[in-house]
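Subject: Structure handover

Hello,

Please find the structure below, as promised. My notes come after it.

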Amino acid sequence: MRWERGRRSDNIEDRRGIRVSGKGIAGGGIGAIVLALVAMYFGMDPAVVLNQAGTLAPAQDEQPATFSPEEERLKEFMSVVLADTEDVWGTLFQGSGQRYQQPKLVLFSGAVQSACGFAEAAMGPFYCPGDQKLYLDMSFFNDLAQRHDAPGDFAQAYVVAHEVGHHVLTLLGVSEQVHAARSRASQTEGNALQVRMELQADCFAGVWAHHANKQRQILEPGDTEEALAAAAGVGDDRLQKQARGFVVPESFTHGSSEQRMRWFKRGMQHGDPGQCDTFKPAQL
Ligand SMILES: [Zn+2]
């Protein structure tokens with residue numbers, strides 16, 4: 001991705017090196033953590049999982065931290081991607097007579113306290129509607145490259161754009177509707193609703209890529225493939241197969257690899273959020 005000359009965002013909250021410990025996380029049990037691992041790539045409401053893991057009392061204390069030039073560069077890259085999503089969604093919202101409220105991106109290391117509860121890096125990046133912040137431990141990108149076979153900067157950009165997609169869904173009121181509907185639905189129906197929301201966030205990530213490239217020609221050869229590899233790498237079928245060797249479609253919360261790629265592509269082709277209505281089609 002061509003990003004070096006891009007604008008930097010002011011909405012990065014750097015909490016790396018701040019130690020947060022969740023008392024009782026061990027008592028919460030490995031079961032809860034594994035559940036979170038499977039369920040939370042990316043953007044599942046962490047409160048759902050964390051409530052099951054018990055109440056965690058965080059203790060914070062500051063530690064002076066130093067970061068390698070690579071880490072600092074990655075932070076800068078995140079800041080450019082975030083700024084680009086601000087520009088794209090700002091324009092799209094303006095076009096429909098609305099104002100885009102920019103989300104914050106919290107960078108953390110190890111564990112973090114959010115309005116949605118205490119979260120560990122192993123749970124993956126997530127968005128918390130309660131404080132309208134994206135949470136990311138950038139070491140996740142090592143996982144993305146190695147465990148999920150999705151290296152490259154545009155794979156990383158996709159992750160941020162997907163979480164920003166959740167923010168957009170929150171601003172549009174979709175997240176709240178889904179949350180309310182899920183509380184009345186069976187587990188299987190609830191999962192199906194969650195999948196639709198996740199695929200819409202993927203489609204929104206594609207919408208961002210479309211406009212960013214149209215306005216700023218950010219794409220280099222291979223970038224689209226990197227994003228698609230990331231979307232596929234965190235598909236429920238692939239994650240479940242890795243975690244337990246078999247696949248249970250009723251328990252999907254984010255969509256299959258094929259679905260995630262297809263909806264990202266759709267957003268990227270059209271650049272129109274109106275093409276991202278995942279709640280309409282009977283077949284996703
Ligand atoms: Zn998500």
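Predicted model: local features only at pLDDT ≥ 70, side-chain atom pairs only at ≥ 80, totals over all residues.

Residues are numbered from 1 along each chain as its sequence is written, and side-chain values use heavy atoms, with hydrogens and water left out.

The sheet

There is an open sheet of 4 strands in the order β1-β4-β8-β7, with mixed pairing. Helices (H or I, at least four residues) and strands (E, at least two) are DSSP runs, numbered from the N terminus, and two strands pair if DSSP finds at least two bridges between them. The edges are β1 (12-15) and β7, each of which pairs on one side only. Neighbouring strands of this sheet are turned by 25° against each other on average, with direction ignored. Angles run from 0 to 180 degrees between N-to-C directions, and axes are lines fitted to C-alpha atoms, for helices over the stretch in contact.

Strand β8 (residues 133-136) pairs with strand β4 (residues 104-108) in the parallel sense, over 4 bridges. V106 stands opposite Y135 in β8, and L105 has L134 as its bridge partner. Strand β7 (residues 126-128) runs antiparallel to β8, and 3 bridges join the two. Here Y127 is the residue opposite L134.

Which way do the side chains of β8 point? K133 and Y135 point one way and L134 and L136 the other, and all are buried. Buried means under 20% relative accessible area, exposed over 50%, and partly exposed in between (1.4 Å probe, protein chains only). In a regular strand the side chains alternate between the two faces of the sheet.

Helices on the sheet

Helix α3 (residues 69-95) lies across β1, β4 and β8 and runs at about 150° to β1. Helix α5 lies across β7 and β8, at about 25° to β7. Contact, here and below, means heavy atoms within 4.5 Å.

Helix α5 against helix α7

Two packed helices are described by the angle between their axes and the distance between the axes. For α5 (residues 153-171) and α7 (residues 187-216), the axes come within 7 Å and cross at roughly 120°. The two helices are therefore oblique to each other; angles under 35 degrees count as roughly parallel, over 145 as roughly antiparallel, 65 to 115 as roughly perpendicular and the rest as oblique. α5 passes α7 in a right-handed crossing. A crossing is right-handed if the near helix is turned clockwise from the far one by less than a right angle, and left-handed if anticlockwise.

On the α5 side, the contact residues include F154, Y158, H162, H166 and L169; on the α7 side, M197, Q200, F204 and W208 are among them. The residues of this contact divide into 12 nonpolar, 4 polar and 2 charged. Ala, Val, Leu, Ile, Met, Phe, Trp, Tyr, Cys and Pro count as nonpolar, Asp, Glu, Lys and Arg as charged, and the others, Gly among them, as polar.

L169 of α5 counts as buried because its relative accessibility is 0%. Leaving out residues up to four places away in sequence, L169 touches V174, S175, M197, Q200, A201 and F204. L169 and M197 are 28 residues apart along the chain, with their C-alpha atoms separated by 8.1 Å.

Helix α8

The buried residues of α8 (residues 223-233) are D223, A227, L228, A230, A231, A232 and G233. They pack against α4 (140-146), α5, α9 (236-244) and α10 (257-270).

The axes of α8 and α10 come within 7 Å and cross at roughly 140°, and the crossing is right-handed. T224, A227, L228, A231 and A232 of α8 meet S257, R260, M261, F264, K265 and M268 of α10. By class, this contact has 7 nonpolar, 2 polar and 2 charged residues.

Q132 is not a glycine, yet has a positive phi of about 55°. Q132 sits in the hairpin of β7 and β8, which has 4 residues between the strands, and is partly exposed at 26% relative accessible area.

Q217, also not a glycine, has a positive phi of about 45°. Q217 is in the loop between α7 and α8 and counts as partly exposed, at 47% relative accessibility.

Regards
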